[in-house]
Each structure stands twice: as C-alpha cells, then as structure tokens.
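Here are a few exercises to work through with the model open beside you. Try each task before you read its solution.

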Amino acid sequence: MTFDKGEAEGRPPYIYSMIAGGLGGTTGDMFMHSLDTVKTRQQGDPHIPPKYTSLASSYHTIWRQEGVARGLYGGWVPAMMGSFPGTILFFGTYEWSKRHMLDYGIQPHISYLTAGFLGDLAASVVYVPSEVLKTRLQLQGRYNNPYFKSGYNYRGTWDAVKTIVRTEGFSELFSGYKATLYRDLPFSALQFMFYEQFQSWAREYKKSRDIGVRLELLTGAAGGGLAGVITCPLDVVKTRLQTQIDPVPALSKAKDRLVTETMSGLKDPSKQPQPPPPPKQQKRPISTSSPSTHTPRPGAIPLDEDSILKGLKLIYKTEGVGGWFRGVGPRFVWTSIQSGCMLFLYQTILRKLEVWLPVERSDMSASTLERGI
C-alpha cells in the first residue's frame with residue numbers, strides 16, 4: 001500500500017473528525033437503541049423461566065406493554081450523554097495516533113489496529129459510567145414497572161446516579177470496566193483495521209476518494225461485522241460473567257451489580273410453608289457496552305470472574321468451539337448495522353464540514369506525499 005496524494009487529502013482537521021465521529025456515532029447508537037434494550041432484557045432477565053426469549057417476540061412484548069419512550073427507548077438519555085463525548089474522544093484519539101504512526105513509517109495495518117485500540121481506551125473513561133446507567137434503566141423500563149421486575153426502580157437518570165453513588169459507592173459507576181475492555185478494545189482495533197483496508201480497496205476500485213453510498217455502507221458494515229465475529233468468544237465470556245447468578249452468594253467474592261432475587265427456592269421442602277422472606281440483595285454484573293447477542297444455555301457452568309482466559313478454556317472444554325461462537329449470527333447482524341450506519345454518517349458529515357468550512361492543508365509536506373509505506 002502506498003501513501004498517495006488522495007490519502008493525504010483525506011486528512012481533515014482533528015476537530016472535524018471529532019465532530020463527525022460524535023454525530024455519526026451518537027446517531028448510530030440511537031438508531032440501534034431499541035434493539036440494545038431488547039438484548040439487555042434478554043441477557044439480564046433474572047426470572048426462571050425467562051420472560052424474554054426470541055428477538056421478535058421480546059421486541060413486540062416490550063413495545064406493547066411499556067411503549068417506546070420508557071420501554072424500547074428506556075435509558076436513552078445516559079446513552080446519548082455517553083455516546084457523543086465518547087465517540088468524540090474515540091475519533092480524536094484514533095485520528096491523532098493513526099496519522100502519527102503512519103508518518104513515522106509504521107505499517108498501515110499495525111497503525112490502524114493500534115489506533116483503534118487507543119481510541120477505545122480513551123473513550124472508555126466516558127462511556128462505561130454512562131452505559132452502567134443506561135443498562136440499568138433499560139432493564140428497569142418504566143418507573144414502578146408492573147410488567148418486569150428487574151431489581152431496579154429509578155425515577156430517572158439523575159435519580160439513578162444519586163442512588164447508585166449513595167448506596168453502592170462511586171466506583172459502582174465503573175462496574176464491569178475490566179470485562180468491557182477485554183471485549184471492546186480488540187473489537188474496535190479490528191473494526192477499524194478492517195474498515196481502513198476495505199476503504200482503501202474501494203478507493204482503488206473507484207479511482208476516487210468518493211466511493212459512493214453503497215460502498216460506504218458496505219465497507220463500514222463489513223469492518224464491524226467481521227470484527228464482531230472474531231471477538232464473539234470474548235463476548236460469550238463477558239456475557240456469562242455478567243449474567244450468571246450463584247445459587248448461594250459466595251462470601252469471599254463480590255460481583256459487580258445488585259439485583260433482587262428471592263431465595264425461597266433454597267429452603268428445605270420438609271418444613272412447613274412460610275411467607276416468602278424479604279428480597280435478598282445479591283451482586284451480579286451488568287453489561288456496560290454494546291449489546292451482547294449471546295444467551296447462555298440452561299445449566300451453563302459458572303465461570304471464574306477473575307480470568308477471561310480461564311473462562312475461554314472452560315467453555316471450550318465443556319462446549320467445544322461451538323460454545324465460543326454462540327449467538328454469532330445476531331452479533332454479526334448488530335455490529336454490521338451499527339458500524340455501517342456510524343461510519344457512513346461519519347464520512348458524510350466529514351465531507352459536508354470540509355465543504356462548509358474549507359481549510360488549507362499546509363501540514364502535508366511533499367516528502368510525506370511521496371513516501372511509500
């Protein structure tokens with residue numbers, strides 16, 4: 001691959017990349033929010049048997065019982081508050097690190113991979129706390145929800161913040177941080193490495209930077225979908241850790257989130273029936289990122305929360321390779337659509353900004369333009 005003039009002309013000011021990324025990423029996240037809510041309900045449902053099973057029936061049930069605003073789009077406020085600054089940080093960090101690595105002669109694929117990794121790491125400081133709030137409000141639905149008992153009952157976003165900090169501590173806003181990074185850093189790194197390569201091939205095919213709407217959507221969707229398939233095993237482990245519930249809470253370990261669970265099922269059946277005890281608080285992790293499309297099979301072996309690698313080994317030992325790729329189809333669909341929408345809007349807004357606010361690119365020297373990578 002060579003660094004030609006078209007590549008150089010494709011370097012807009014950082015602020016343009018950050019604005020376009022923020023708007024494109026937020027729009028893509030809002031577009032997919034209802035599906036995110038359905039997946040959150042499926043993977044966080046504490047009831048046995050679960051209320052939400054298939055995607056279509058779950059979507060229809062939430063819409064019919066709870067509506068759109070506080071049902072399918074529950075938690076949209078913290079989602080938007082985290083998505084916009086998070087994607088601004090991501091694209092700003094991504095473009096800055098990518099350009100500097102390319103200018104220093106680092107191989108393009110390594111530059112794209114590393115830049116995606118660093119971009120997601122920078123953005124995680126913002127999006128993890130917002131995703132904790134978003135996920136709890138998605139799982140809760142409407143206030144005093146008569147249709148689904150999630151263990152949460154916040155009046156809104158601000159009430160959720162105050163309640164979590166007061167009852168569980170400020171650190172709870174970063175629950176699931178480690179598990180999120182294990183999955184999302186590799187995903188973002190691979191997503192943008194594939195995307196940049198597909199964009200390069202498309203521009204070579206079209207002999208132009210303007211590759212058209214179809215190829216813009218296709219390159220973005222292909223990059224996200226392929227990265228989603230490759231990181232599916234990490235998604236499986238993350239979801240198992242976030243949704244498993246110990247029948248008897250372990251005293252030596254604390255998990256990452258509180259859910260309400262009645263323990264009456266553990267009583268000695270020989271005793272006389274008694275009124276059910278008050279709900280017992282037990283900690284369980286939550287999803288703090290893009291929706292997982294994996295649903296653990298009934299009776300899945302609990303995983304060690306301290307090691308992602310141990311989780312991968314245990315799933316392979318008990319379920320084989322197929323266990324690593326449970327839910328890979330829905331995950332491919334979700335990551336393809338979200339990535340395609342986000343990156344298409346990113347490129348479209350970026351071009352509009354360059355037309356509305358043209359700038360001279362005096363930072364590109366002739367020696368840079370002629371250098372091969």
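**Exercise 1. Work out how α2 and α6 are oriented to each other.**

Solution. α2 and α6 are oblique to each other, a class that holds the angles left over when those under 35 degrees count as roughly parallel, over 145 as roughly antiparallel and 65 to 115 as roughly perpendicular. To see this, take helix α2 (residues 14-31) and helix α6 (residues 76-103): they pack at an angle of about 140°, with their axes 7 Å apart. Axes here are lines fitted to C-alpha atoms, for helices over the stretch in contact, and angles run from 0 to 180 degrees between N-to-C directions. Next, sort the residues of this contact by class: 11 are nonpolar, nine polar and three charged. Nonpolar covers Ala, Val, Leu, Ile, Met, Phe, Trp, Tyr, Cys and Pro, charged covers Asp, Glu, Lys and Arg, and polar covers the others, Gly among them.

A word on the ground rules: this is a predicted model, in which local features need pLDDT of at least 70 and side-chain atom pairs count only at pLDDT 80 or more, while totals for chains, interfaces and linings use all residues. Residues are numbered from 1 along each chain as its sequence is written, and side-chain values use heavy atoms, leaving out hydrogens and water.

**Exercise 2. Check the length of helix α8 and find its buried residues.**

Solution. Start with the expected span, which is 1.5 Å times one less than the number of residues. For the 12 residues of α8 (residues 157-168) this gives 16 Å, and the end C-alpha atoms are 16 Å apart, which agrees. Now look for buried residues (under 20% relative accessible area, 1.4 Å probe, protein chains only): in α8 these are Thr157, Ala160, Val161, Thr163, Ile164 and Glu168. Just after α8, glycine 169 takes a positive phi of about 95°.

**Exercise 3. Where does histidine 47 sit, and which residues does it touch?**

Solution. Histidine 47 lies in the loop between α3 (33-44) and α4 (55-66). Leaving aside residues up to four places away in sequence, histidine 47 touches Phe148 and Lys149, where contact means heavy atoms within 4.5 Å. Histidine 47 and lysine 149 are 102 residues apart in sequence, yet 8.5 Å apart in space, C-alpha to C-alpha.

Methods:
Helix = DSSP H or I, 4+ residues; strand = E, 2+ residues; numbered from the N terminus. Buried < 20%, exposed > 50% of the residue type's maximum accessible area, 1.4 Å probe, protein only.
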